[in-house]
Amino acid sequence: MTDKGKTVLGASQLTPNFTLFNYGQFIAAGGLCATLTHGALTPIDVVKTRLQLEPSGSKENMFSMARNIVKSDGPGGLMAGFGPTAVGYLIQGGAKFCGYEFFKKQSIDALGSHQKASEYRQLVYLGSASAAEVIATTLLTPLEAARIRLVSERGYARGLVSALTRMGREEGVAGFYAGYIPILFKQVPYAIGQFYTNEMCHNFVNATISKKQQAQWGKMGEMSIQLGCGIVAGAAAAILSHPADTLLSKINRGGVGEGSALTKLFRAAGQTGFAGMWAGLGTRIMMTAILVSGQFLIYDQVKQLIGAPKGIEIQ
């Protein structure tokens, strides 16, 4: 075992044998870490979403937008969409973190040797993150659409259930998945930035700081490394996924005309312009760095508390 809370590929066995119960533990830890962090950062996400929906050339910034929201909607306006956020990321986080553990194990087993696992580690990280996110996004999309409606359209509904009911009544199932393709463009790069960058940061730490030295730092040192790697991973995830995140907000708000999801995506990109697609990036980097570092820290600590197996570390 490593001091990082991962299972190192040993000489006698390629990967550990995870049971269904173990995967249930991964789901529980992943769901908890995602819903806690996303729920806590709802006010920042509301401000970010409103900034993305501003007309091109708007002078609004994070602080002025927050003041405007409080002035027009009261302090509760900063918590708009909390229900869909908490429920959606409980489901999405469980699927994503468990899926990543599953696909990483399957990828390593398919490669068949420690040497190949090490040689192709970057492809293992990229492929596992992407596959896990596609599944998680399929589960998240209806709730994300409801969240954006609650944030972007004042008075749209009173909460998650009423928002989903209204969307279903007015738009049918297609309305829930109107942003599915754009959200994949957002979430898959996000997951790649999150998991791939975190893994590579830990690889860098392990290559520059001996395991003996890390052990001497104790629990605080372990948690500091987790947070540091998570902050870098969060920044990468924000940058990679931000343009699609902006377009998704605009598509769910409406006003981009009719057509397929891809048609709407390209039309929204044309309306927004290159500069407009990066609106609110600073806020989102700050939010995502906190979010991702918190998720990895909580995920690892919860797994330890509930006795879940360690993650697999490719040497």
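Me: Which helix is S241 found in?
Reply: Keep in mind that this is a predicted model, where local features need pLDDT of at least 70, side-chain atom pairs count only at pLDDT 80 or more, and totals for chains, interfaces and linings use all residues. Residues are numbered from 1 along each chain as its sequence is written, and side-chain values use heavy atoms, with hydrogens and water left out. Helices here are DSSP runs (H or I, at least four residues), numbered from the N terminus. S241 sits in residues 211–253, which is helix α10.

Me: Does S241 count as buried or exposed?
Reply: Buried means under 20% relative accessible area, exposed means over 50%, and partly exposed is in between (1.4 Å probe, protein chains only). S241 has 0% relative accessibility, so S241 counts as buried.

Me: Which residues does S241 touch, not counting residues up to four places away in sequence?
Reply: Contact means heavy atoms within 4.5 Å. Leaving out residues up to four places away in sequence, S241 touches K186, P189, Y190 and R284.

Me: How do α2 and α12 run relative to each other, roughly parallel or roughly antiparallel?
Reply: Axes are lines fitted to C-alpha atoms, for helices over the stretch in contact, and angles run from 0 to 180 degrees between N-to-C directions. Under 35 degrees counts as roughly parallel, over 145 as roughly antiparallel, 65 to 115 as roughly perpendicular and the rest as oblique. The axes of α2 (residues 42–52) and α12 (residues 281–306) come within 9 Å and cross at roughly 155°. That makes α2 and α12 roughly antiparallel.

Me: Which residues in α12 meet α2?
Reply: On the α2 side, the residues are I44, D45, K48 and L51. Their partners in α12 are T283, R284, M286 and M287.

Me: Why is α2 largely enclosed by the rest of the structure?
Reply: The buried residues of α2 include I44, V46 and L51. α2 is largely enclosed because the number of its 11 residues that are buried is 10.

Me: What distance separates the C-alpha atoms of I298 and L32?
Reply: These two residues are 266 residues apart along the chain. Even so, the separation of the C-alpha atoms of I298 and L32 is 8.1 Å.

Terms used. Helices (H or I, at least four residues) and strands (E, at least two) are DSSP runs, numbered from the N terminus.
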